[in-house]
Amino acid sequence: MSKLRKIRKYKIHREGVNILIYLFLFLLLLNGSVHAFVPFRICQVTILVISIILYLLIVNFFRSPRRHFNEGNTDNLVVAPADGKIVAIEEVTENEYFQEKRLLVSIFMSILNVHANWYPIDGKVVHVKHHKGRFQAAYLPKSSTENERSTVVLETGNGTRILLRQIAGAMARRIVTYAKRGKKCDIEEHLGFIKFGSRVDLYLPVNTEVMVTMYQKVTGCHTIIAKLK
């Protein structure tokens with residue numbers, strides 16, 4: 001694969017386009033002002049270097065890789081909805097929607113991960129709700145019920161329902177959810193985006209076969225998280 005084709009696999013996510021434009025204009029104005037009014041060369045170079053590093057970090061954060069699921073048949077598969085690290089695999093009581101025991105699998109996204117979220121199954125959206133809340137560190141267990149979050153319930157073709165929860169973190173101040181009730185969903189389609197460090201929880205039936213382990217790194221739209229019975 002040529003370098004050009006590899007570059008074309010990535011683009012800037014639509015949630016970051018305006019931010020990057022405004023940030024570029026701000027940094028351009030800042031560096032122009034420093035160059036015009038600060039006579040010290042070392043200050044000019046320092047501000048320029050810091051501006052370039054900051055801009056590249058934000059560009060990296062809003063990268064949106066083009067991905068395809070290549071494992072064939074998606075029936076009964078739950079695929080990672082986000083890049084990150086598995087921080088929880090446990091049986092818990094889900095009190096918002098199911099009101100019953102569910103198997104929780106949590107993915108923590110650091111600021112360096114891709115922050116686009118994918119649908120974890122092929123099926124349809126049956127429930128969407130946004131909750132206002134706090135902005136605690138996303139790796140804390142209580143962030144699942146106390147932080148700013150969006151809940152999306154999805155149903156497979158055979159009627160099995162799973163719940164996905166997008167959770168804001170200490171630095172994440174905005175959750176974007178594209179899912180709408182009644183919408184058909186596809187594993188290769190973006191469900192939403194969380195700006196800066198955050199977490200995604202999956203609530204699966206308790207008899208689900210989990211295919212990942214604690215602290216394993218997973219890739220959205222690629223890594224198989226579980227197999228539904």
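**Figure 1. Pairing of strands β5 and β13 around V105 and L202.** V105 stands opposite L202 of strand β13. Strand β5 (residues 100-109) and strand β13 (residues 198-204) run antiparallel and are joined by seven bridges. Two strands are taken to pair if DSSP finds at least two bridges between them. Strands (E, at least two residues) and helices (H or I, at least four residues) are DSSP runs, numbered from the N terminus. The model is predicted: local features need pLDDT of at least 70 and side-chain atom pairs count only at pLDDT 80 or more, whereas totals for chains, interfaces and linings use all residues. Residues are numbered from 1 along each chain as its sequence is written, and side-chain values use heavy atoms, with hydrogens and water left out.

**Figure 2. The open sheet of eight strands.** The strand order is β11-β7-β8-β9-β13-β5-β4-β15, and the pairing is antiparallel. The edge strands are β11 (184-185) and β15 (217-218), each of which pairs on one side only.

**Figure 3. Strand β16 and its partners β3 and β14.** Three bridges pair strand β3 (residues 77-79) with strand β16 (residues 224-227) in the antiparallel sense. Within this pairing, K227 of β16 is the bridge partner of L77. Strand β14 (residues 209-210) also runs antiparallel to β16, with two bridges joining them. Here E209 stands opposite K227 of β16.

Figure 4. The 21 residues of α2 should span 30 Å at 1.5 Å a residue, and the end C-alpha atoms are 30 Å apart, which agrees. The expected span is 1.5 Å times one less than the number of residues in the helix. L20, L23, L27, N31 and V34 are the buried residues of α2. These residues cover an arc of only 65° around the axis, which puts them on the same side of α2. The arc is that of the directions from the helix axis to the C-beta atoms. An α-helix has 3.6 residues a turn, so residues three or four places apart point the same way. The face turned away from the buried side of α2 carries the exposed residues Y22, F26, L28, L29, A36 and F37. Buried means under 20% relative accessible area, exposed over 50%, and partly exposed in between (1.4 Å probe, protein chains only).

**Figure 5. A nonpolar surface patch that includes Y22.** The patch is formed by I12, V17, I21, Y22, F24, L25 and L28, which together have about 670 Å² of accessible area. Helix α2 (residues 17-37) supplies the largest share of the patch, six residues. Y22 lies in this helix and counts as exposed because its relative accessibility is 59%. Patches are made of residues with over 30% relative accessible area and no salt bridge; like charges are joined within 9 Å, and nonpolar side chains (Val, Leu, Ile, Met, Phe, Trp, Tyr) within 5 Å. Accessible areas come from the Shrake-Rupley method with a 1.4 Å probe, and for residues only the protein chains shown count as cover.

**Figure 6. The salt bridge between R165 and E96.** A salt bridge is a side-chain nitrogen of Lys or Arg within 4 Å of a carboxyl oxygen of Asp or Glu, and by this rule the count comes to eight salt bridges. In the bridge between R165 and E96, the closest N and O atoms are 2.7 Å apart. R165 lies in strand β9 (residues 161-168) and E96 in the loop between β4 (84-94) and β5, so the pair ties together parts that are 69 residues apart in sequence. R165 counts as buried at 2% relative accessibility, whereas E96 counts as partly exposed at 27%.

**Figure 7. Salt bridges of E155 with K124 and R161.** E155 forms a salt bridge with K124, the closest N and O atoms being 3.8 Å apart. This pair links distant parts of the chain, with E155 in strand β8 (residues 149-155) and K124 in strand β7 (residues 123-131), 31 residues apart. E155 also meets R161 in a salt bridge, at 2.7 Å from N to O. At 14% relative accessibility E155 counts as buried, while K124 is partly exposed at 38% and R161 is partly exposed at 31%.

Figure 8. Most residues other than glycine have a negative phi. N76, which is not a glycine, has a positive phi near 70°. N76 lies in the loop between β2 (63-65) and β3 and is partly exposed, with a relative accessible area of 34%. Y215 has a positive phi of about 70°, although it is not a glycine. Y215 is placed in the loop between β14 and β15 and counts as exposed at 58% relative accessibility.
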